[in-house]
Structures are given as structure tokens and as C-alpha cells.
Amino acid sequence: MTDENRAMPGINAIEFIRVMHNLIYTARIHKDNNRLIKECLVKFKAILDEMTKEGDFKLQLWRGRFHIDGEKLRAGRESQSIINEMVGYLSERGIGAMQFSITSSKASFTDIMTLIRLIDLSIKNESPFEWLKAKFPGYSLEWVDIQKKKDDEHHGDESGEGYKRKKKAKTAYMMALDTVKDVAEKASKGVAGVLKARRLAQNIVDLIHEDRSLILGLATIHEYDDYTYTHSVNVSLLATCLGKQIGLSNVVLEHLSVCGLFHDLGKVGVPRDIILKQGALNNAEWDMVQSHPLLGVKRILRLNADKELRSKIILGPFEHHLNPDMTGYPKTHFMKKLSLSGRILRIVDVYEALTADRKYRKRSFTPDEALRKMWSEGEKSFDMVLLKHFVRMMGIFPIGSAVELSDGRFAIIMDYPDGPLAPATIMLLEKDSSGTLLHGEVKRLSGGRGYPGVSIKMGVIPSSIGVSVAELLLS
Ligand SMILES: [Fe+2]
Ligand SMILES: [Fe+2]
């Protein structure tokens with residue numbers, strides 16, 4: 001057994017690349033019916049079947065290295081030159097990833113040769129990747145997909161796309177905090193405008209289209225500022241993500257985003273010690289808390305915004321503490337059912353409030369506990385169709401959750417690249433000499449690849465292990 005086999009038990013990705021390399025170079029000098037080609041094909045088909053027998057196999061190129069399921073492929077010295085050659089070969093054709101599906105078992109030798117010859121020929125075109133992609137539908141190549149090579153991005157590289165997105169997201173978050181604060185302060189004097197909030201909402205919608213995982217990670221920020229403000233920004237981000245999940249248009253998403261930012265505008269008038277009170281509220285205090293949706297609407301009505309926008313951002317904030325059967329508050333007799341934005345805000349508002357790691361509270365809920373609690377409350381409190389979408393969007397352990405793994409280590413859920421039911425990408429947390437948990441390796445959880453035999457044991461409260469999820473995800 002070579003070092004490479006030991007590094008990746010059961011999966012011989014390096015052998016796969018080596019066999020593909022042989023096939024490509026043999027095909028350059030021989031016709032399809034040649035004996036050597038046949039031998040290469042038999043080997044290629046065997047290893048392809050092996051790699052795809054449990055699911056898709058994705059070979060990815062990133063920063064001049066091959067990665068399998070987000071894990072860097074470590075090649076021994078004897079394979080290095082072939083690996084380097086293949087990195088160059090695919091890069092010059094603009095190929096950033098090749099994904100072989102489980103249906104690869106049905107690929108015939110002719111199909112495989114078609115793929116190999118097309119890839120090889122593509123270099124003769126001005127845009128090899130585009131030419132190749134356009135050729136795919138004309139052949140039986142449904143079992144394989146190719147993805148365009150993106151500009152390499154990496155941690156700390158200020159020219160990388162990922163870095164730029166993180167920077168844009170952080171700026172948007174800080175601007176959102178400023179905007180909510182600014183509007184909250186000015187609204188009572190009737191001079192606040194919504195232009196900034198509107199531009200910000202467009203920014204948030206753009207960012208969600210580009211990188212939803214990043215926005216969901218951002219929505220775990222709880223400690224930057226006054227809780228009401230961070231809560232409002234998080235509600236805005238989560239509501240907009242949920243809106244995107246159910247396919248709302250960009251214009252509606254922008255309204256939803258503004259609704260989220262302003263939904264608790266009425267809380268600004270409620271004394272802080274009442275909002276932060278741990279014990280039961282007396283009647284007068286409770287009345288005051290219950291008045292915040294109506295107070296918020298009054299403030300929104302006074303905003304310097306056109307009538308149409310105001311009409312679109314009033315219902316959500318008014319309704320966000322009402323249940324589907326119209327119980328909750330504020331008491332109303334003129335409405336029979338809740339608006340879509342009201343029902344969305346209701347869900348994300350409760351989730352955010354439950355998971356907020358607030359210092360004054362004895363214990364908050366981990367994201368998975370919060371989702372379970374909300375699910376158990378069911379239709380009494382939430383629109384169940386929307387709640388289902390929300391749970392599906394967040395996953396069992398939502399992006400940004402801190403978790404304990406079955407081997408006792410801690411990690412942060414970073415993404416679900418293949419959907420929330422498929423294995424997650426996690427950031428392992430490594431202890432430094434002082435015992436502080438720091439950003440560690442990024443791995444993909446899965447049965448056989450990447451991080452074998454390890455599963456998520458349970459969610460943990462980030463502050464209980466001394467970490468800030470947002471800082472880890474955004475640094
Ligand atoms: Fe509220
Ligand atoms: Fe709220």
C-alpha cells in the first residue's frame with residue numbers, strides 16, 4: 001500500500017487521475033479500437049465505478065491542487081508529476097471541477113472515449129470550457145458534469161473573490177446596524193428616510209444570491225452592539241434567505257429585508273431594563289412590550305418614504321407577534337389572516353430570539369434545539385409550510401452552529417454544499433497552547449470521504465466553549 005492509499009482509505013482518487021491521464025495520452029496516438037486504448041478504458045471504467053458506487057465523485061481544482069469533497073488531495077512523490085500535469089491540462093481548458101454521478105456505471109466505453117476526446121479537442125477553441133460545455137448535450141454524457149474554473153480564492157488573499165465577498169458582507173452588516181440605529185433615533189422626530197435602508201436591502205439580496213451560506217453565518221452575530229439592533233439585522237438576513245428559499249422575486253425580497261430591519265422599531269421606545277428583564281413582567285411592563293408592533297408601525301408611517309414602499313413594509317412589523325389563528329399581540333379585530341411577510345418574520349424572529357447568545361440570559365437554545373422547539377409548537381404558532389422550508393433551509397444543524405463531534409472535538413458548520421440533508425462542510429476548532437479554540441482545518445463530514453467515522457453528536461452554545469461563530473467564519 002502506498003502512502004496515498006493510506007491517506008485516503010477506500011478511495012483511490014490519485015489512481016483515478018493517473019488512469020485518466022494514461023487514457024488521455026494514449027488516445028492522442030491511437031484510434032478507439034486499439035488494444036492499448038481498450039486496456040486503458042477497462043481500467044478507467046473500473047475505477048470510475050468504484051469511485052461512484054456510493055454517490056457522486058467530484059474532482060475539484062483549487063489553487064493549483066486537486067481537492068476531493070473539499071479535502072486537499074495529498075500525492076506522494078511518485079505521482080506528483082502526473083498530478084501536476086493533469087492540473088495544468090484541466091486548467092488550460094478552463095475546467096475547475098469534474099463531477100461524476102452515480103449513473104456513471106451506465107457509461108459505455110464509447111461514452112467515455114467521447115468525453116476524453118472532447119476534453120482534449122477543446123483546447124483548439126478560443127474558449128475551451130464554453131465550447132466543451134456546449135458540446136455535452138449532443139452526446140450521452142449525463143453521468144458527468146464539468147464546472148468552470150473560478151479565479152482562485154484563498155484565506156487572506158485580498159484579491160480573491162471569497163475575501164471580497166466576506167468584506168462586502170461585513171460592510172453590509174455594519175451598515176445595516178448603523179441604518180437601524182439611525183432610523184430608530186430619528187424616527188421619533190419624523191425625519192428619518194429609507195433610502196439607505198433600501199440600498200442596503202438591494203445589497204443584502206445580491207449577497208444572498210452570491211453566497212447564502214455566508215449570510216447565514218453572518219446572521220449568527222449577536223455580540224457587536226445593542227441586542228435590539230443586531231437582532232433586527234439578523235432577522236432581516238434570515239427573512240430574506242427564507243424568502244429566496246421559497247422563490248420570491250428580488251423586489252419582494254428587498255421589501256422583506258427592509259421589514260426585517262424595521263420590525264422592532266417600536267422597541268426603541270420601550271425601556272431597556274424591561275426588554276432585558278429576566279423574570280416575569282408585571283402587567284404594566286407587559287402592556288409596554290406588547291405595544292411595540294403598533295408603535296413600530298407608527299414610526300414606519302412617519303418615515304420619509306414613498307407611499308408604495310411604506311405600504312409594503314407595514315404589515316410584517318405589525319404582525320410579527322401574531323399566531324396564524326390571530327392570537328398573540330397586538331389584539332386586532334379587523335384582520336382575518338396574516339400576510340406572507342408577517343408569517344416569515346414570525347418564524348425568523350422567534351428563531352433569532354431563541355438562539356441569541358445573550359449574556360443576561362441564563363441559557364439560550366442551540367440552533368437545533370430552537371428548530372425542534374419551534375417544530376413542536378407547530379401550527380399553533382407558525383405557518384407550517386413556511387416552517388418546513390425554514391427547517392429545510394437551515395438543516396438539522398444550521399450553518400453557523402457550533403457542534404460537538406463524536407470524537408469529542410468541536411467544530412462549526414460552514415455549509416451544506418449538496419443541500420442540508422447531505423454531509424456538511426465543517427471547520428474544526430483547534431486548541432492553542434492556552435486552551436483557546438481557534439480556526440482549524442476545513443473538512444467535509446461524510447461516511448467514507450474526508451473525515452471518516454466522525455459524526456455530529458450535538459449542538460453547543462458558542463460562548464460555552466469560548467468562541468464567536470461570526471468571527472471564526474468571517475476572519
Ligand atoms: Fe418584536
Ligand atoms: Fe423581533
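This is a predicted model: local features need pLDDT of at least 70, side-chain atom pairs count only at pLDDT 80 or more; totals for chains, interfaces and linings use all residues.
Biologist: How many helices and strands does the protein chain have?
Modeller: The protein chain has 20 helices and 10 strands, where helices (H or I, at least four residues) and strands (E, at least two) are DSSP runs numbered from the N terminus.

Biologist: And what share of the residues is buried?
Modeller: Of the 475 residues in the protein chain, 38% count as buried; a residue is buried if 20 or more other C-beta atoms lie within 10 Å of its own, exposed if 12 or fewer, and partly exposed in between, with C-beta atoms placed from the backbone.

Biologist: Let's look at H10 and H11; at what angle do their axes cross?
Modeller: The axes of H10 (residues 227-245) and H11 (residues 250-262) cross at roughly 155° and come within 7 Å, the axes being lines fitted to C-alpha atoms, for helices over the stretch in contact, with angles running from 0 to 180 degrees between N-to-C directions. H10 and H11 are therefore roughly antiparallel (angles under 35 degrees count as roughly parallel, over 145 as roughly antiparallel, 65 to 115 as roughly perpendicular and the rest as oblique).

Biologist: Which residues make that contact?
Modeller: From H10 they include Ser232, Val233, Ala239 and Gly243, and among their partners in H11 are Val252, Leu256, Cys259 and Leu261, where contact means that the C-beta atoms, placed from the backbone, lie within 7 Å. By class, the contact of H10 with H11 has 8 nonpolar, 6 polar and 1 charged residues (Ala, Val, Leu, Ile, Met, Phe, Trp, Tyr, Cys and Pro count as nonpolar, Asp, Glu, Lys and Arg as charged, and the others, Gly among them, as polar).

Biologist: Is H10 mostly covered or exposed, and what comes after it?
Modeller: H10 is mostly covered, with 15 of its 19 residues buried, and it is followed by Gly247, whose phi is positive, near 85°.

Biologist: How do H5 and H6 pack?
Modeller: H5 (residues 109-122) and H6 (residues 128-135) pack at about 150° with their axes 9 Å apart, which makes H5 roughly antiparallel to H6. Leu118, Ile119 and Ser122 of H5 make the contact with Pro128, Trp131, Leu132 and Lys135 of H6, and these residues divide into 5 nonpolar, 1 polar and 1 charged.

Biologist: Switching to Leu405, where is it and what does it touch?
Modeller: Leu405 is in strand E6 (residues 402-405), and, leaving out residues up to four places away in sequence, it touches Ala411, Val454, Ile456 and Lys457. Leu405 and Lys457 are 52 residues apart in sequence, with their C-alpha atoms 5.0 Å apart in space. Leu405 counts as partly exposed because it has 18 C-beta neighbours inside 10 Å.

Biologist: Which residues does a cis peptide bond join?
Modeller: Tyr329 and Pro330 are joined by a cis peptide bond, with omega about -5°, and Pro330 lies in the loop between H16 (315-319) and H17 (340-355).

Biologist: What about Met326?
Modeller: Met326 is also placed in the loop between H16 and H17, and its phi is positive, about 70°, although it is not a glycine. With 14 other C-beta atoms within 10 Å, Met326 is partly exposed.

Methods:
Residues are numbered from 1 along each chain as its sequence is written. Chains are lettered from A and ligands numbered from 1 in the order in which they are written. Two residues are in contact if their C-beta atoms, placed from the backbone, lie within 7 Å.
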